[in-house]
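Let's walk through a protein together, one piece at a time. Keep the sequence and the 3D view open as you read.

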Amino acid sequence: MNRRTFLKFAFAGVITMALTLVVGWWQVDGPGKSEQTGGRPVDLSEMEFRLTDHEGEDVGPKTLIGQPTMVFFGFTYCPDVCPTTLSDISGWLDDLGEEAEEMNVVFITVDPERDTVEAMAEYVGYFHPSIRGWTGPQEEIARAAQGFRARYKRVPTEGDDYTMDHTASVFLFNAAGLFTTIIDYHEPREFAVPKIRRALAEETEGVT
Ligand code: NI
């Protein structure tokens with residue numbers, strides 16, 4: 001490759017990168033940002049949805065207010081992200097021990113078609129006993145996801161099969177139901193556990 005050709009390639013590369021950044025900004029933070037997805041979850045008191053937990057109890061956002069809360073969206077057929085995250089969450093809860101006993105930890109399915117109450121009960125049984133599994137009608141799952149600004153999408157695979165793409169972040173709320181922060185997928189324990197401690201501490205500081 002001569003110098004001229006190299007410069008052409010280098011220039012094209014820079015332009016492509018700049019375009020990617022601009023498009024990324026437009027979609028994530030810019031005017032192209034969707035109203036319903038991305039961004040910060042609303043507080044639990046502003047959410048409206050009704051689901052059923054893995055023991056058949058009626059639950060919703062108001063069920064969670066009064067204790068700090070950790071929420072994660074996924075589905076039981078998930079090959080990788082969900083089991084990894086639920087194992088991570090279980091490890092954090094083990095680390096926190098008694099400290100986290102009074103905390104809501106909820107796994108909401110984005111695949112209610114397969115994730116019945118029974119399927120959720122079996123699945124959460126593989127992880128920390130504090131973890132609750134929530135499922136319900138598609139519309140209610142959609143309303144929940146909208147409140148948390150979680151995204152999910154059904155993706156067809158071979159035959160009639162399908163998988164689900166979904167937001168892999170863990171959402172944290174304090175005891176008053178106010179959103180505090182997000183724990184990212186694969187976030188190391190030394191960052192995740194202090195974030196949970198902060199959400200727990202806000203409770204003892206008497207946030208109402
Ligand atoms: Ni998953």
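In what order do the seven strands of the open sheet lie? Reading across, the order is β2-β1-β5-β4-β3-β8-β9, and the pairing is mixed. At the edges you will find β2 (58-59) and β9 (179-183), each of which pairs on one side only. Two strands count as a pair if DSSP finds at least two bridges between them. Strands themselves are DSSP runs of E with at least two residues, while helices are runs of H or I with at least four, and both are numbered from the N terminus.

Before going further, a word on what you are looking at. This is a predicted model, in which local features need pLDDT of at least 70 and side-chain atom pairs count only at pLDDT 80 or more, while totals for chains, interfaces and linings use all residues. Residues are numbered from 1 along each chain as its sequence is written, and side-chain values use heavy atoms, with hydrogens and water left out.

Now look inside the sheet. Strand β1 (residues 51-53) and strand β5 (residues 131-135) run antiparallel and are joined by two bridges. Here T52 stands opposite T135 in β5.

The protein chain has six helices and nine strands. One of the helices, α3 (residues 81-96), lies across β3 (69-74), β4 (104-109), β5, β8 (170-173) and β9, and runs at about 165 degrees to β3. Helix α5 (residues 138-148) lies across β1, β3, β4, β5 and β8, at about 125 degrees to β3. These angles run from 0 to 180 degrees between N-to-C directions, using axes fitted to C-alpha atoms, for helices over the stretch in contact (heavy atoms within 4.5 Å).

Finally, visit F179 in strand β9. Is F179 buried or exposed? F179 is buried, because its relative accessible area is 10%. Leaving aside residues up to four places away in sequence, F179 touches R40, P41, D43, F171, L172 and F173.

Technical notes: Buried means under 20% relative accessible area, exposed over 50%, partly exposed in between (1.4 Å probe, protein chains only).
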